[in-house]
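Open the structure in your viewer and keep the selection tool at hand. We will go stop by stop.

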Amino acid sequence: MATIPLTTRGAEKLKDELQRLKSVERHAVIQAIAEARAQGDLSENAEYEAAKDKQGFIEGRILEIEGKLAAAQIIDPAALDADGRVVFGSTVDLEEQSSGAQVTYQIVGDDEADLKHGLISISSPIARALIGKQAGDVADVQAPGGVKSYEVVEVRYK
């Protein structure tokens, strides 16, 4: 099984979700199934079917998270020292060459990505174009609207 890169923050979020699923969600759905069974005929009981579907989803998600955590390579961005190069976990300040717009992204694992919060997946085209670059370098990214060029302004490890 291949390792899955995660930041320490991403690993904590997965652990918190796993804990919530096991201690809260699992018990709630078991209670809902018991209540639906108490209503009698299960063949036409929509509440029972919905609760069983939710139970299947919860159990599947628990297995998925446990698998990801087992295969995780947890990287603490604050402990990185990549000589100013963009690597997994680093935070990068960029300036788009054509518009001059400035953006800041942190390169994180696939499960952690959230563009609204400036978190981009390591497997995204922009992250792949940035890996190995340092301040002053220009990265060309194939975007849906064409090629965009970004200058790396600063690389931080936080």
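Start with strand E5. Select Ile 120: its bridge partner is Ile 107. A strand here is a DSSP run of E with at least two residues, a helix is a run of H or I with at least four, and both are numbered from the N terminus.

Before moving on, note that this is a predicted model: local features need pLDDT of at least 70, side-chain atom pairs count only at pLDDT 80 or more, and totals for chains, interfaces and linings use all residues. Residues are numbered from 1 along each chain as its sequence is written, and side-chain values use heavy atoms, with hydrogens and water left out.

**Stop 1: the strands**

Colour residues 119–121, which make up E5. Strand E4 runs parallel to E5, and 3 bridges join them. Two strands count as paired if DSSP finds at least two bridges between them.

Pick Glu 95 and look across to Gln 102, its bridge partner in E4. E3 and E4 form a hairpin, with 5 residues between them. In the turn, select Gly 100, which has a positive phi of about 80°.

**Stop 2: from E3 to E7**

Which side chain meets Asp 93 in a salt bridge? Select Arg 156: the N to O distance is 2.4 Å. Asp 93 lies in E3 and Arg 156 in strand E7 (residues 146–156), so the pair ties together parts 63 residues apart in sequence. A salt bridge means a side-chain nitrogen of Lys or Arg within 4 Å of a carboxyl oxygen of Asp or Glu.

Show the surface. Asp 93 counts as buried, at 12% relative accessibility. Arg 156 is partly exposed, at 25%. The cut-offs are under 20% relative accessible area for buried, over 50% for exposed, and partly exposed in between (1.4 Å probe, protein chains only).

**Stop 3: helix H2**

Select residues 46–70, helix H2. Centre on Glu 64, which is partly exposed at 37%. Glu 64 forms a salt bridge with Arg 61, with the closest N and O atoms 3.2 Å apart. The two are 3 residues apart, about one turn of the helix. Arg 61 is buried, at 17%.

Lys 68 is buried, at 14%.
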